[in-house]
Amino acid sequence: MATYTLGIETSCDETAAAVVRDGKKILSSVVSSSLRYHSRYGGVVPEIAFRKQLETIVQVSDCALKDARLPLQKISALCVTEEPGLLGSLFVGVSFARALALALSRPLVGVNHLYAHIYAGLFGLRDVRFPFMALVVSGGHTSLFYVRDYNRLDLIGETLDDACGEAFDKVAKILGLGYPGGPLIERIAAGGNPKAIEFNCCDTRRPFDFSFSGIKTAVLYRVRALRAGVPLTLKRDIAASFQEAVVRSVAAKSLSACAARKAKLLIVGGGVAANSRLRDFLAQKAEEEGVRAVFAPKELCMDNAAMVAGLGYQLFKKGVIFQP
Ligand code: KG4
Ligand code: ZN
């Protein structure tokens, strides 16, 4: 008999709900973003985020069940992001899922948001063979994991300062492009020359850690030096050169981690994994090194609840649950 899980995701600005069958088939995935309320502040305002989540969570979950054409009683387990994230936002999602679990007498499964981003890359695989390497590049995190099982992951490297997506967001702000910056940088970089300016990501003492604040500051100094403003052609070149340096750094570190751990599979997830230059460059370099790089589908790179329902199903099957 099929097992249906309902996923709830409220770790940052999104309110998301999804229904997944047997951890594999996404029957519905609804994401409501409060982004437009934050954009004039240049970043997510926690107070606004959780108020919007309180307002929308019931409707978003109803919508996910309707899209899946499934009554609530058919749900076997409630899966919810429990960490990491904005405290107030997480609280909204966990309280809601816990209440549903209590009302339905179903188990509640707590899911780690970063592990869920990795799971987004597993939906397309026919069978999952552990261990493998995973890279999560998002607005809040940049982490490399050696994945032994769904709930046994070794963190082998992470950012020492800004997260990768955060660096895109800050550089976009410096260039006056808006928020969130990643897609905007990618768009204008397409018309720029990635070799125009030599930007570099800083070296780190531990080889699999990341650092992006130095390159962001290098962009800032370059823009400040141009007192008369930045012409569009130069903006394009700065965006392309910045993106190229970040992509190369992330790809090199991920693949050297694969080599060090003899991993032949690299899963890539998180918002920045939607970046086409990263996907193309890393896929090509991985192939050259005999590693299979699998990226989360673009629609599952950004925060969503399908990845939470999917990973939640696997944990539920393992008995990793807490009673509400
Ligand atoms: O995973 P996500 O939705 O949220 C977090 O868990 O943080 O990632 C959002 C981040 C933002 O910083 C956004 O600018 C970045 O992902 N991003 C991108 C692209 N699309 C989203 N960065 C680079 N290129 C993109 N195409
Ligand atoms: Zn995320």
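Asp162 and Lys216 form a salt bridge, their closest N and O atoms being 3.1 Å apart; the term means a side-chain nitrogen of Lys or Arg within 4 Å of a carboxyl oxygen of Asp or Glu. The pair links distant parts of the chain, 54 residues apart: Asp162 sits in the loop between strand E8 (152-158) and helix H5 (164-174), and Lys216 in helix H7 (residues 213-225). Helices (H or I, at least four residues) and strands (E, at least two) are DSSP runs, numbered from the N terminus. Asp162 is buried, with a relative accessible area of 8%, and Lys216 counts as buried at 16%. Buried means under 20% relative accessible area, exposed over 50%, partly exposed in between, with a 1.4 Å probe and protein chains only.

Before I go on: this is a predicted model, where local features need pLDDT of at least 70 and side-chain atom pairs count only at pLDDT 80 or more, while totals for chains, interfaces and linings use all residues. Residues are numbered from 1 along each chain as its sequence is written, chains are lettered from A and ligands numbered from 1 in the order in which they are written, and side-chain values use heavy atoms, leaving out hydrogens and water.

Next, Lys170 and Glu166 form a salt bridge at 3.2 Å between the closest N and O atoms. These two are four residues apart in helix H5, so about one helical turn separates them. Lys170 is partly exposed at 30%, and Glu166 is partly exposed at 26%. Salt bridges that share partners join Asp162, Glu166, Lys170 and Lys216 into one network. The count by this rule comes to 13 salt bridges.

Now the domains. The assignment, automatic or from a database, gives domain 1 (4-120 + 302-318) and domain 2 (132-295). Which residues supply 36% of the area that domain 1 buries against domain 2? The area buried between the two domains is about 1500 Å², with 77% from carbon and sulfur atoms; buried area is the accessible area (1.4 Å probe) that two parts lose on being put together, summed over both. Leu114, Tyr115 and Ile118 supply that 36%, more than any other three residues.

Across this interface the rule finds one salt bridge. Lys318 and Asp149 form a salt bridge at 2.8 Å. Asp149 is buried at 15%, whereas Lys318 is partly exposed at 41%.

Last, helix H9 (residues 276-288) has 13 residues. Its buried residues are Leu278, Arg279, Phe281, Leu282 and Ala286. Just after H9, Gly290 takes a positive phi of about 75°.

How values were computed
Expected span 1.5 Å × (residues − 1).
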